[in-house]
Amino acid sequence: MSHNNQKKIAVINDLSGFGRCSLTVSLPIISYLGIQCCPIPTSILSNHMGFEEFFFDDYTGRMEEYIGKWRKLGLKFEGITSGFLGSKEQIETVIRFIREFGGGQTKVVIDPVMGDNGRIYATYTEEMCGEMRRLIEYANIITPNLTECCRLTDTVYKEEGWEEEELYGMAGKLLGQGPEKVVITGILQGDFIASYAVEKGKEPKMIQVHKAGTERSGTGDVFASIIAADAINGVGFEDSVRKASDFVREGILKSVELDIPSTDGVCFEEILYTLKRD
């Protein structure tokens, strides 16, 4: 009996029990969009690191054995996606996984979680930034925020004032490294936040939504999960980016309405039913 009669996405990310980010975001969203979400945990946390205290258990040393059991089951995946990776070793593991379980029609979506607001995370070394460049060579789609895009293309970061020509230049550099589609997120434009979507052979699209609330943990995970599921379901890239942008905004507005602390992420559960299953 085959274990491959339903569409599946392997999601490589950490598991934070509280705070709505990483796998606890991807599991419900990808499942709601009609695809089995198969997690590979990179670490286990009681809550994400944005809190003052947290339990943390590094899973790096167990990932290969974990993946080995999937090998014996003969699992195949229509999609592979990764989020925050905490070490060079974890990036190497993801590359090996893509080499073995990817190829053919498998869509690889990489969210190169490296930093935000012009700063690279303290855990990210120069060596790891170089390894992330290697990883995106294997991607079909990448979803960097503006900070990550600048770091991956050796571009000087600025908070606002980006011309479309500049964004197109950065996206072109990333497309030249292997991906077919790039969306640069978190671009401030006055009262709007924009995502710049570029797809090989098509006109680039600037997709804007009105700014809402304050920054929250897990918004990138929500966004990337929708993009990954839509890629498997055959949704057009521009439509998918627009859908993900609108959903994140509505989730933030709902979180503000319910007075949810920013550390607790986006209460997407309240609006999950609105997410269109194309």
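Start by selecting Gln90, which sits in helix α3 (residues 88-101); helices here are DSSP runs of H or I with at least four residues, and strands are runs of E with at least two, numbered from the N terminus. Before going on, note that this is a predicted model, in which local features need pLDDT of at least 70 and side-chain atom pairs count only at pLDDT 80 or more, while totals for chains, interfaces and linings use all residues. Residues are numbered from 1 along each chain as its sequence is written, and side-chain values use heavy atoms, leaving out hydrogens and water.

**Around Gln90**

Is Gln90 buried or exposed? With a relative accessible area of 3%, Gln90 is buried (buried means under 20%, exposed over 50%, partly exposed in between, with a 1.4 Å probe and protein chains only). Now show Thr42, Asp58, Thr60, Met63 and Leu85: Gln90 is in contact with them, leaving aside neighbours within four places in sequence (contact means heavy atoms within 4.5 Å). Thr60 is 30 residues away in sequence, yet the C-alpha atoms of Thr60 and Gln90 are 6.3 Å apart. Look also at Gly86, whose backbone nitrogen lies 2.8 Å from a polar atom of the Gln90 side chain.

**Along helix α3**

Next, select Thr93, also in helix α3. Thr93 is buried at 5% relative accessibility, and touches Met63, Glu64 and Ile67, not counting residues up to four places away in sequence.

Then pick Arg96 and Glu64, which form a salt bridge with their closest N and O atoms 2.5 Å apart (a side-chain nitrogen of Lys or Arg within 4 Å of a carboxyl oxygen of Asp or Glu). This pair links distant parts of the chain, since Arg96 is in helix α3 and Glu64 in helix α2 (residues 60-73), 32 residues apart. Arg96 is partly exposed at 40% relative accessible area, and Glu64 is partly exposed at 34%.

**Another salt bridge**

Move to helix α8 (residues 237-257), where Lys254 and Glu257 lie 3 residues apart, about one turn of the helix. The closest N and O atoms of their salt bridge are 3.3 Å apart. Lys254 is partly exposed at 22% relative accessibility, whereas Glu257 is exposed at 56%. How many salt bridges does a search of the whole structure find? The search finds 17.

**Last stop**

Finish with Leu135, which touches residues including Ser82, Leu85, Ile91 and Val94, again not counting residues up to four places away in sequence.

How values were computed: Polar contact = N/O pair within 3.5 Å; in protein donor to acceptor, adjacent residues only side chain to side chain.
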